[in-house]
Amino acid sequence: MADDPSTQSDEEAEAVGLRKIIHVDMDAFFASVEQRDNPELRGKPVAVGGSGGRGVVAAASYEARKFGVRSAMPSVTAKRLCPDLIFVRHRFDAYKEASRTIRKIFEHHTPHVEPLSLDEAYLDVTEDRLGIGSATRIAELIRQEIKAKTQLTASAGISYNKFLAKIASDQNKPDGMCVIRPGQGADFVAGLPIRRFHGVGPKAEEKMKRLGIANGADLAAKDIEFLRENFGSFADYLYRAARGIDLRPVRAHRERKSVGGERTFSEDISSGAALRETLANITDIVWERIENSKARGRTVTLKMKYTDFQNMTRSKSVPHWVESKAEFAALGRELLEEALPLPMPIRLMGLTLSNLDRGEEKAPAKDTAQLSLL
């Protein structure tokens, strides 16, 4: 019963999760790299992605966001909102190079780094390598080092658990910091609009407001039975988050069962064109992780979360290791095409490679029959 939030006291849960956690989130990362490398783009609204009728915004600069331009938005919509919007094609090699530099800065301070994507990570600095002791000071130094070595800005959240650190990193963006100290978590969360809770998208926000939940205080007033009845497996997370509780450790080293990545969209998407371009962007990022980890796997899984929070997953296994990006991408596309048309829009998409090589057996060689699916 210890894992049941309805039977665990707030004090007990908070004590278990009391750590020094930093969440570092780069500011408009892809777009900022483009503005850094092309002075003509600085200070202008920029979108990374395709500008054609079937294009989708992969990332937007802060100048573009002022007009309402967001990631996963159809390019035609973005252009309508911001007629002066400048589209640039993505350069993942440049983003990966900057990300590697940033990762080295993290590891200079702590071995406990849990990357979430190319542009954000959790750091546990409860015991830091340089003996600084102050998580706030470490976050300041990290942001200074990132600016000096990459000419890019980062925002940071500092708190005693992952949930609060992530919320805090978004509080003073761009190029800002926020600290939520022990004892402040529940009060801080109480005043947050419900949309600020990680995982709550537009549809969930609408549902919550219909149920009388507009902010963290409203959410904390609901008991676990009510939340489970209305939000299913999402309920336990909501119950704890409303109280500033998060028991998850920063996981730097764990046995990989899969290598993958996912994106939660600022706006729900459903069109085939938007889904295909989003999948292509995720594929590029995930394949980089696969290469970096030297992973070999035989199963590709596509995950999509609908606006009602129900997950849909489709998998395809092959008898050989998936050895090329082209094959990985083709398997992902095949899974997506099998799922179209979607019954409702989605708010999240992910792609993973699993059934990994454990070094215990040799996979059979490829055969021409399997190659035909490409």
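**The sheet and its helical neighbours**

Three strands form an open sheet with mixed pairing, in the order β3-β2-β4. Strands are DSSP runs of E of at least two residues, helices are runs of H or I of at least four, and both are numbered from the N terminus; two strands pair if DSSP finds at least two bridges between them. At the edges lie β3 (57-60) and β4 (86-88), each pairing on one side only. From one strand to the next, the twist averages 30°. Strand β2 (residues 46-49) runs antiparallel to β3, and three bridges join them; Gly 49 stands opposite Val 57 in β3.

This is a predicted model, in which local features need pLDDT of at least 70 and side-chain atom pairs count only at pLDDT 80 or more, while totals for chains, interfaces and linings use all residues. Residues are numbered from 1 along each chain as its sequence is written, and side-chain values use heavy atoms, leaving out hydrogens and water.

Now for the helices. The axes of α2 (residues 29-37) and α5 (residues 92-109) come within 10 Å and cross at roughly 100°. Axes here are lines fitted to C-alpha atoms, for helices over the stretch in contact, with angles from 0 to 180 degrees between N-to-C directions. The two helices are therefore roughly perpendicular to each other (65 to 115 degrees).

Technical notes. Parallel < 35°, antiparallel > 145°, perpendicular 65-115°, else oblique.
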